[in-house]
Amino acid sequence: MIHTYIANIKNLPDPKTDSGYLLLLDEERQKRVLRFLREESRKQSLGAGILLQKALKKHGMENSKITFSKNGKPKTDGIFFNLSHSGEFVVCSIGDKDVGCDIEKAEKERFSVAQRFFTKNENEYLDSFEGEEKKREFFRLWTLKESYMKLTGEGFSLKLSDFEISFDNGIFVMRENEKCNVHFKEFLLGGYALSVCSYDDKFSSLELIDF
Ligand SMILES: CC(C)(COP(=O)(O)OP(=O)(O)OC[C@H]1O[C@@H](n2cnc3c(N)ncnc32)[C@H](O)[C@@H]1OP(=O)(O)O)[C@@H](O)C(=O)NCCC(=O)NCCS
């Protein structure tokens, strides 16, 4: 089962001027948090660190050592997780099988990005919508694609056009003409798109965590 936790970072203090929460995190995350020039990015990184700690604790994995795969995916022994942040929210998906998650604030849609980097079928799918619906589908597709890239850990070392999201009685990934054995869960949030992708086909509902 994949569990997904979400937290709002709005009320977190800026870790640059208030180190209360920061000191709860490991040295590596502390350094990363303070490297950001923008306050929102510092708070997102701080929030992701705290949310991960809370999620690991809930799953009996307190004080786990975090290491990184070759493309930068954080991992630990004994459980799988992934983090994402956008705007006011940080998200952590965690479970017994590998997972990727992606949240995006649905601000300005970038159809030019879709035209350049999405596949022909994905663009045809988008073009079957108009106005607000088209914008909603753009952010759905974007987070579905990114959650898959984060599941495999390839991140943006994988080209957006190297695989395709297809909707046909469900959501599938086609890669090199093969259907991949991955599963998706989407969560509806006002103004944000959130997708989770895993080798597990069981997902729990979204759980809000307070800091
Ligand atoms: C991972 C990646 C897709 C993140 O996209 P994003 O929309 O900017 O950011 P998100 O908020 O959704 O996710 C960020 C989180 O993803 C996780 N992450 C980082 N690299 C990852 C990867 N390769 N796979 C999965 N998750 C990754 C981290 O936990 C990160 O949060 P943190 O820095 O606070 O710990 C993108 O940064 C990327 O492709 N990174 C890898 C770069 C790479 O391939 N380098 C190799 C050079 S060839």
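Predicted model: local features only at pLDDT ≥ 70, side-chain atom pairs only at ≥ 80, totals over all residues.
Reader: Which strand pairs with β1 (residues 2–8) in the parallel sense, and over how many bridges?

Author: The general idea is that strands of a sheet pair through backbone hydrogen bonds, either parallel or antiparallel. Here β1 and β12 pair in the parallel sense over 4 bridges (two strands pair if DSSP finds at least two bridges between them; strands are DSSP runs of E, at least two residues, and helices runs of H or I, at least four, numbered from the N terminus). Residues are numbered from 1 along each chain as its sequence is written.

Reader: What is the order of the strands in the open sheet?

Author: The order is β4-β5-β1-β12, with mixed pairing.

Reader: Which strands does helix α2 touch?

Author: Contact means C-beta atoms, placed from the backbone, within 7 Å. Helix α2 (residues 39–58) packs on the sheet and touches β1, β4 and β5 (89–95). Its direction makes about 30 degrees with that of β5 (axes are lines fitted to C-alpha atoms, for helices over the stretch in contact, with angles from 0 to 180 degrees between N-to-C directions).

Reader: And how many helices and strands does the protein have?

Author: There are 5 helices and 12 strands. The C-alpha trace spans about 50 × 35 × 30 Å along its principal axes.

Note on methods:
Contact = placed C-beta atoms within 7 Å.
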